[in-house]
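Take a moment with the model before reading on. The text below walks through one chain, from its overall dimensions down to single residues.

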Amino acid sequence: MSDLAALVVQQSLNGVYLGCLYVMVALGLTLIYGVLNQINFAHADFVTVGAFTAFFTVTRLATKLLGLPDTAAYLLSIVAAFGMGALLGLAINAAVFAPLRERGDELRPLIATIGVSVLLENAQLALFGPIPYQFDSPFARETLRFGRIFFSAQSALVVCVSAAAIAALYAFLRFTFLGKALRAVAQDRETAGLMGINPGLLIGLTIVIASALAGMAGALLGPVLVLSPFAGASVIVKAFAIVIIGGFGNLQGTIIAGILVGIIEAFTVQYLGSGLIDLVVFILLLAMLVARPTGLIAERKEENV
Amino acid sequence: MKLASRLALAAAIVLASAAAAAQERVVRIGVAMPISGPGSYFGVMDKEGIELALEQLKGTVNGYKLQVQYEDSACSPLQATNVVKRLLDQFKPHIVIGEECSDASLAIAPILNEAKVVQLNVGSVTMKLTESGYKYTFRIFPNAEQQSAPLVKVAHDVLKARTAVILHEKTNAGNDNAEGFKKPFEASGGKVLATIDFGRDVNDFTAIATRIASLGKVDVLPTFALEGQQVRLSQALAQAKVVKGGGGSGVQMGSIWLPYGYDQKAGEASVGYVRIVQFDPTERRKMVQDFVSAFKAKYGQDKVPTHINAHAYDAILLIAEAVRRGAHDSESIRDAFSKFKDVEVTTGRITFDPKGQNADLSVVHFVETQKDLSWKALSWQ
């Protein structure tokens, strides 16, 4: 393989890995928007909660209490973060979002997401302090090499878990009764209600799934991020951009946009400089808003989610 | 009767004045540090150092109480500006310690100088802070030039480096350090293959490491970033086999920015990392060992103080020394600081040059990370 070909393959792999991380964060955002037509400003904090849950599962529960080996401990932490995200989503929906929705107000739930964000951020600051934690994944220590191409086992794990999460979400939405009901609510909440579907329950389920995905994203991002109560904020802006580029509320668009942004970032670093990453990504975002406001996948409400 | 009343009133006034004067025997120290946001670990460590120093001094020097007010300036120029204005309006400090981040330090410098209140900086590197003609600004932290020049010398003379890739965060501090390395390195015949900057929100450095690996043989990689990013960067460079920690030949070089403990966090990737340090908890100087012991006694035996703890601790020692020499307000503190010569603190000896920059770098030295992740002190400075 020539130098150039090896470089292109390597940066493409780097981009796919990075893109998968972005997709994991963006999936929950787009799911909530697709069903509720609402932006969740607290999403970054659910990611951070997931990262901390994974960290403490690895460092306290799995290795010290259960005596698991490092790799099993980290895999367990991904499940724990998924579960914690789901529980937190359930609790916050029941305590904050559902009562506000019942009042029929659209603006208050949106503002409430900002409130929840501030609350979670400060609660984590009080609990964990501001000094960054060092969260190491045992998979990050293993480097896989194929000739001149290399990637860490953590990268491979991120790609595999992301692919599995996307496939599971797709299967859930397409082939299960609850998934079909959820899509019905996304298409037309009132009509779905007339068909015997409980929209409130399905919206709650959407928030739980989105929060669980955010938690899982946190577990995958934990060993990459500088883990502090503000960790999620560093990726959320990019995730919002990906949701917009992909087409608000469109899952396929979000996945394609996430991978695309990851690859563009990797090649921007290679040929233009890492300092220009945000410039390039947000020029793409603006170009997309101007030229194709519906995003990569044109918005057809019935096909979203 | 009338006379007695007048005498009583006069006595009361004298007593009240005396009491007021006694109450006024206070040196007010404002502390503008990041307590929230990504740089908040600075504020936490700064507070630990300050609290320890105050405890040891029992809060009083030469009959003057050292009164401290902490404010969260968040490493942000805007918030730092607001915080300092509030401090000036309400607390009326004689001196302000802060900020850690260069951008925020630069933002508050003109305000404090306009108000003729001393600014004591303990953690910013940007050259502009002490090169802008401020009369009330003093800095004990080595500036960018003081940190970069020894790195160039060691890279060129000791490591025989002829090629370099400079990595730095996109801030005043990072830019100044990078420039401080680039110019003299090129002047000495070295070639800078690339200067790679990145925002503080960058988390994944795999693409950057891949790019560096594609540039050919790199002898040294001077790196100027906060600890969290440095750890990830080192690991990515090791994975790409660029640096010694990953089996490559490049030597990653770091500045005083990195707190003690980086090596343990980066793990094997940090092996062979050469860095310049000012505060070294293993230094045998009595003052350093007393500080380390006291710090551990207060905060836990497993907690080793970092340079951030030490610099904040030193800031209080310096103010105390100024008060011991008769200073009690902004003007007299400024005068006392200007006359400091070889005042011993944990991070060396302080002698401020006419621009307010500490000129003494006698304890600055190099260390190299060993396979067991310990430091080996090198006598290259």
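How much accessible surface does chain B have, and what share of it belongs to carbon and sulfur atoms? The total is about 14,800 Å², and carbon and sulfur atoms account for 53% of that. Bear in mind that this is a predicted model.

Start with the whole chain. Chain B holds 13 helices and 15 strands. Its radius of gyration is 23 Å, close to the 21 Å given by the globule rule for 381 residues, so chain B is as compact as a globular protein of that length. Along the principal axes, its C-alpha atoms fill a box of roughly 100 × 40 × 35 Å. Of the 381 residues, 61% are buried. Now consider contacts in chain B with a separation of 6 or more: 66% of them come from residues 24 or more positions apart.

Turn to the first sheet to be traced here. Chain B has an open sheet of six strands, in the order β2-β3-β1-β4-β5-β6, and its pairing is mixed. Which strands form its edges? They are β2 (60–61) and β6 (137–139) of chain B, each of which pairs on one side only. Within this sheet, look at β4 (residues 95–98) and β5 (residues 118–121) of chain B. They run parallel and are joined by three bridges. One pair to find is B:Ile97 and its bridge partner in β5(B), B:Leu120.

Follow the chain out of β4. B:Gly98 and B:Glu99 are joined by a cis peptide bond, with omega about -15°. B:Glu99 sits in the loop that connects β4 with α4 (102–114) of chain B. Most peptide bonds are trans, and most residues other than glycine have a negative phi.

One is B:Ala74. Its phi is positive, about 60°, although the residue is not a glycine. B:Ala74 lies in the loop between β3 (64–72) and α3 (77–91) of chain B. Is this residue buried or exposed? With a relative accessible area of 17%, B:Ala74 is buried, because the cut-off is under 20%.

Another is B:Lys241. Here too phi is positive, near 60°, in a residue other than glycine. B:Lys241 belongs to the loop between α9 (227–239) and β10 (251–254) of chain B. Its relative accessible area is 47%, so B:Lys241 counts as partly exposed.

Go back to helix α3 of chain B, where B:Thr81 lies. B:Thr81 has a relative accessible area of 16% and is therefore buried. What does B:Thr81 touch, leaving aside its neighbours within four places in sequence? Its contacts are B:Ala107, B:Ile108 and B:Ile111. The C-alpha atoms of B:Thr81 and B:Ala109 are 9.2 Å apart, although 28 residues separate the two along the chain.

Next comes strand β7 (residues 163–169) of chain B. How many of its seven residues are buried? Seven of the seven are, so the strand is mostly covered. Both faces take part. B:Thr163, B:Val165, B:Leu167 and B:Glu169 point one way, B:Ala164, B:Ile166 and B:His168 point the other way, and all are buried.

β7(B) has two parallel partners to examine. With β8 (residues 191–198) of chain B, it pairs over seven bridges in the parallel sense. B:Glu169 stands opposite B:Phe198 of β8(B). With β9 (residues 220–224) of chain B, β7(B) also runs parallel, and three bridges join the two. There, B:Leu167 stands opposite B:Thr223.

End at helix α11 (residues 286–299) of chain B. Its 14 residues should span 20 Å at 1.5 Å a residue, and the end C-alpha atoms are 20 Å apart, which agrees. Which residues of α11(B) are buried? They are B:Val288, B:Phe291, B:Val292, B:Ala294 and B:Phe295. These buried residues pack against α2 (40–57) and α12 (307–324) of chain B. After α11(B) comes B:Gly300, with a positive phi near 120°.

Technical notes. Residues are numbered from 1 along each chain as its sequence is written. Chains are lettered from A and ligands numbered from 1 in the order in which they are written. This is a predicted model: local features need pLDDT of at least 70, side-chain atom pairs count only at pLDDT 80 or more; totals for chains, interfaces and linings use all residues. Side-chain values use heavy atoms; hydrogens and water are left out. Helices (H or I, at least four residues) and strands (E, at least two) are DSSP runs, numbered from the N terminus. The expected span of a helix is 1.5 Å times one less than its number of residues. Buried means under 20% relative accessible area, exposed over 50%, partly exposed in between (1.4 Å probe, protein chains only). Contact means heavy atoms within 4.5 Å. Two strands pair if DSSP finds at least two bridges between them. The radius of gyration is taken over C-alpha atoms; the globule rule is 2.2 Å times the number of residues to the power 0.38. Accessible areas come from the Shrake-Rupley method with a 1.4 Å probe; for residues, only the protein chains shown count as cover.
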